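Colleague: Could you take me on a close tour of one part of this model? Plain words, please, I'm still new to this.

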Amino acid sequence: VSATPITSAHLRGAAGRRLTLVVVPIAAVIALLAWGLVARGAGARPAGIGRPAPAFDLRSLDGGDVRLADMRGRVVVLNFWASWCGPCVAEAPQLADAWLRLRGARVEMLGVVFQDTTASAASFAERHGMTWPILMDPGSRTAIDYGVTGIPETIVISPSGIVTQHEVGAVTAGQLLRWTQNATTDGSRG
Amino acid sequence: MRRRMVRVDNGHVRSLRSFAIASASVAIVAVSLLAGGARQRPASLDQRVDDVAATIRCPACGDLSVADSTSSLAVEMRGSIRDAVRAGRTADQIRAAFVRRYGESILLVPPPNGVDRVARFAPLAALLVGIAALWSIIRRRAPAIGDRPA
């Protein structure tokens, strides 16, 4: 009986197969977990972006009714804030700067008061030169409709009524100028 | 002391037994009907609100549900759920509306996606692969009976 001699090539082949049996499942599990993490990360984007903006009809501090439906054809910036919110104090001058540059450019900026009293909101708005319409949101229904989790949060709506931006945290005037410009472009496409 | 012997009539015993069985049957049926009635009674508005709120995560308070959290946002969200229940929306419709606004992370138990389903079976698959690898190694190492030296 002739026996085939076991060469080092045979040994390398057996070891390689064994290594493959161990490495491939481990690599597959790691790849799966990485994919899961990436997929979850992508889901962290605010859910409302790309969807029609929820309708609202809110009373402003000066007593008028403000309806989103009346603003079709213009970019709308919704800024949720409160007088008790620290970052809102820092954000107010940025909003005022953006409003100076945007008003008259078919852009509406609206402040939506989040869980605050009318008196405190009015006092804060006057102190920080917030000359754009400030709306009260009883029961936070509009905030909940827009998926607001805290303040400040800012939402940009295109002229065709689609949410194009949802920013959690304070924004700058530069960001607002860019986002409103993008929303105008999106709106002209739609 | 005189012991009293009571003569028991067999027919009397039988009728007593029948009466006891009939009473027990009636009692069981009555209890079942009452329990069934209690189950079928429509849940109150508060109960329906709580049932939905218990499945919605409070977005400002970690892993607490809107039903369990005392934060002001959770209170407002319970109010929003109450409005929706009053408007006749079902629990699933209300949850779907919250998912549209906040994404699937707003649900305390999000529906499993493809990765979750695969990950659930990954340990079993790994075990099977391990057993197969072990079996292959053992088979290769054990010399065949015919190969043993005489």
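Modeller: Let's start at B:Leu124, which sits in helix α5 (residues 114–141) of chain B; helices here are DSSP runs of H or I with at least four residues, strands are runs of E with at least two, and both are numbered from the N terminus. Keep in mind that this is a predicted model: local features need pLDDT of at least 70, side-chain atom pairs count only at pLDDT 80 or more, and totals for chains, interfaces and linings use all residues. Residues count from 1 along each chain as its sequence is written, chains are lettered from A and ligands numbered from 1 in written order, and side-chain values use heavy atoms, without hydrogens and water.

Now zoom out to the rest of chain B. Of its 150 residues, 21% are buried, meaning under 20% relative accessible area. The accessible surface of chain B comes to about 11,300 Å² (Shrake-Rupley, 1.4 Å probe), and carbon and sulfur atoms hold 60% of that. Among chain B contacts (heavy atoms within 4.5 Å) with a separation of 6 or more, 44% link residues 24 or more positions apart.

Methods:
Buried < 20%, exposed > 50% of the residue type's maximum accessible area, 1.4 Å probe, protein only.
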